[in-house]
Amino acid sequence: VFAAADSLGNQAAETMCALADAGYPDMPGYLTEYNVSWTWTTRDRRMGNSVGAVFQALTVKHIAEAGASGAFVWHIQDNIYGLLTSEGRKRAPAELFLWHRQLVGDMHAVASEHADAVEALAIRHADGGRALLLIVKAGQSVRLHPNATLQGDPPWVTVKAIVPAGARQPA
């Protein structure tokens with residue numbers, strides 16, 4: 001399912017190129033109504049669990065890298081697709097969107113020796129603050145190397161990790 005996030009990033013890139021080619025390079029482009037599954041008949045549990053959370057984080061990262069202005073998830077509240085249950089309880093994919101203000105700013109390059117297991121999105125805010133979104137795609141816990149470094153001027157003030165169920169948050 002995580003490959004679909006790559007596909008959505010590619011679609012966002014094609015849309016942004018089409019806008020530029022049509023003479024509108026500064027027009028905002030948005031990804032609308034996306035989720036792990038796209039039909040009204042599905043009862044896909046991944047839309048409300050940690051797999052959905054990783055999918056949401058990867059999608060936001062990939063469309064941001066493609067130059068899109070934003071995304072609108074399908075949809076906010078119900079017991080199948082929503083970020084919240086019908087009773088208003090937060091589901092795992094909501095974590096990313098509760099952290100959304102940290103994702104506003106200039107993106108910085110991030111490299112990983114294990115992009116098949118971990119992706120990251122680094123942001124510098126207008127006030128100089130920084131945020132790092134770690135997205136763990138592996139189905140098991142991952143460990144950050146004790147000598148891992150965040151390149152650039154310290155400190156990286158805010159870190160959010162989106163991980164699959166059963167995996168520990170990176171330390």
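Predicted model: local features only at pLDDT ≥ 70, side-chain atom pairs only at ≥ 80, totals over all residues.
Trainee: Is Thr 59 buried or exposed, and what is its relative accessibility?
Mentor: Leaving aside neighbours within four places in sequence, Thr 59 is in contact with Ala 5, Leu 8, Leu 31 and Tyr 34. Because buried means under 20% relative accessible area, Thr 59 counts as buried, with a relative accessibility of 0%.

Trainee: Where is the place of Pro 93, and which residues does Pro 93 touch, not counting residues up to four places away in sequence?
Mentor: The place of Pro 93 is in the loop between S2 and H3, and Pro 93 counts as buried, at 0% relative accessibility. The C-alpha atom of Pro 93 is separated by 9.4 Å from that of Arg 46, although the two are 47 residues apart along the chain. Not counting residues up to four places away in sequence, Pro 93 touches Met 47, Gly 48, Asn 49, Gly 52, Ala 53, Gln 56 and Leu 83.

Trainee: In what sense do strands S4 and S5 pair, and which residue in S5 does Glu 119 stand opposite?
Mentor: Strand S4, residues 118-124, pairs with S5 in the antiparallel sense over 7 bridges. The two strands form a hairpin with 5 residues between them, and in the turn Gly 128 has a positive phi of about 95°. Within this pairing, Glu 119 stands opposite Ile 135.

Trainee: How many residues of strand S5 are buried?
Mentor: From S5, Arg 130, Leu 132, Leu 134 and Val 136 point one way, while Ala 131, Leu 133 and Ile 135 point the other way, and all are buried. The strand, residues 130-136, is thus mostly covered, and the number of its residues that are buried is 7 of 7.

Trainee: How do the residues of the lining of the second largest pocket divide into nonpolar, polar and charged?
Mentor: About 440 Å³ of space lies in this pocket, and of the 18 residues that line it, the closest to its centre are Val 60, Ala 64, Ser 69, Gly 70 and Leu 103. Helix H2, strand S2, helix H3 and S4 each give two or more residues to the lining. The lining divides into 14 nonpolar, 4 polar and no charged residues.

Trainee: Which element of the chain has the lowest mean pLDDT?
Mentor: For the chain the mean pLDDT is 79, with 78% of residues reaching 70 or more. Among the elements, helix H1, residues 2-21, has the highest mean, 90, and the lowest, 60, belongs to strand S6, residues 158-162.

Methods: Residues numbered from 1 in each chain as written. Heavy atoms only, no water. Buried < 20%, exposed > 50% of the residue type's maximum accessible area, 1.4 Å probe, protein only. Pairing = 2+ DSSP bridges. pLDDT = per-residue confidence, 0-100. 1 Å grid on protein atoms, 1.4 Å probe; cavity = no way out; pocket = protein on both sides within 12 Å on 5 of 7 lines; lining within 4 Å. Points joined across faces, edges and corners; volume = space filled by probe spheres on them. Nonpolar A, V, L, I, M, F, W, Y, C, P; charged D, E, K, R; others polar. Contact = heavy atoms within 4.5 Å.
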